[in-house]
Amino acid sequence: MKKIFLVAMLTILGAVTSNAQDLKKTKGPIATPKIDGAGIVFESETIDYGSIEHNSDGKREFVFTNNGSKPLVITNTQGSCGCTVPTSPKEPIAPGARGVIGVKYATDRVGPFTKTVTVTSNAEGQPTKVLTIKGTVLPDPTPATQVSAPLVAPTKS
């Protein structure tokens, strides 16, 4: 009976250890294939602002890596409207190096939004890449109205 119990426990322990190792493999940086030439891989191609306050800080960043063998040059970044202003690195991004495309959304506009940023570069196979920002700008909270006591003329007693 003890041997059966011991074998069962070892089997369970082995299964748990195996699953834990599988979980470790899925976390961490995503393996990016090497490109012959300049390459660009974004950590995320969508930024979800979620629900943000009216006139709050609308700055966010798209982080990318040059997974190629040659320097990556960002030649242009263009927002889909005037409310989305991107910024990009001016210098070439070396192979294996990381870079940032900044974006600022004008949070003075209340309501849901979905906008794009088009990135033009010398990346092999994808000279243009479209990134997305989305979210909802909440209206200002309505101030609590003060209820004042009605004016009543004093009565004579």
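This is a predicted model: local features need pLDDT of at least 70, side-chain atom pairs count only at pLDDT 80 or more; totals for chains, interfaces and linings use all residues.
Me: What share of the chain is buried?
Reply: Buried residues make up 27% of the 157 residues in the chain. To count as buried, a residue needs a relative accessible area under 20%.

Me: Why is Cys-83 called buried?
Reply: Let's set the value against the cut-off. Cys-83 has a relative accessible area of 3%, and buried means under 20%, so Cys-83 is buried.

Me: And what makes Cys-81 partly exposed?
Reply: Its value is 26%. Buried means under 20% and exposed means over 50%, with partly exposed in between, so Cys-81 is partly exposed.

Me: How do you know that a disulfide joins Cys-81 to Cys-83?
Reply: Look at the sulfur atoms: S to S is 2.3 Å for Cys-81 and Cys-83. The rule asks for cysteine sulfur atoms within 2.5 Å, so this pair is a disulfide. By this rule the count comes to one disulfide. As for what the word means, a disulfide is a covalent bond between the sulfur atoms of two cysteines.

Me: Which hand does the link of Cys-81 and Cys-83 have?
Reply: The link is left-handed, with -45 degrees about the S-S bond.

Me: Now the strands. How many helices and strands are in the chain?
Reply: There are one helix and eight strands.

Me: What makes β1 and β3 a pair?
Reply: Two bridges join β1 to β3 (residues 59-65). Pairing takes at least two bridges, so β1 and β3 pair. They run antiparallel, and the bridge partner of Val-41 in β3 is Thr-65.

Me: Why do β1 and β5 stand at the edges of the sheet?
Reply: The open sheet of four strands has the order β1-β3-β6-β5, with antiparallel pairing. β1 (41-42) and β5 (84-87) each have a single partner strand, so one side of each is left without a neighbour in the sheet.

Me: Which residues touch the most other members of the largest nonpolar core?
Reply: Of its 22 residues, they are Phe-42, Tyr-49, Phe-62, Phe-64, Leu-72 and Ile-133. The elements that give two or more residues to this core are β2 (46-53), β3, β6 (98-105), β7 (111-121) and β8 (128-138).

Note on methods
Residues are numbered from 1 along each chain as its sequence is written. Side-chain values use heavy atoms; hydrogens and water are left out. Buried means under 20% relative accessible area, exposed over 50%, partly exposed in between (1.4 Å probe, protein chains only). A nonpolar core is a set of buried Ala, Val, Leu, Ile, Met, Phe, Trp, Tyr and Cys residues joined through side-chain atoms within 4.5 Å.
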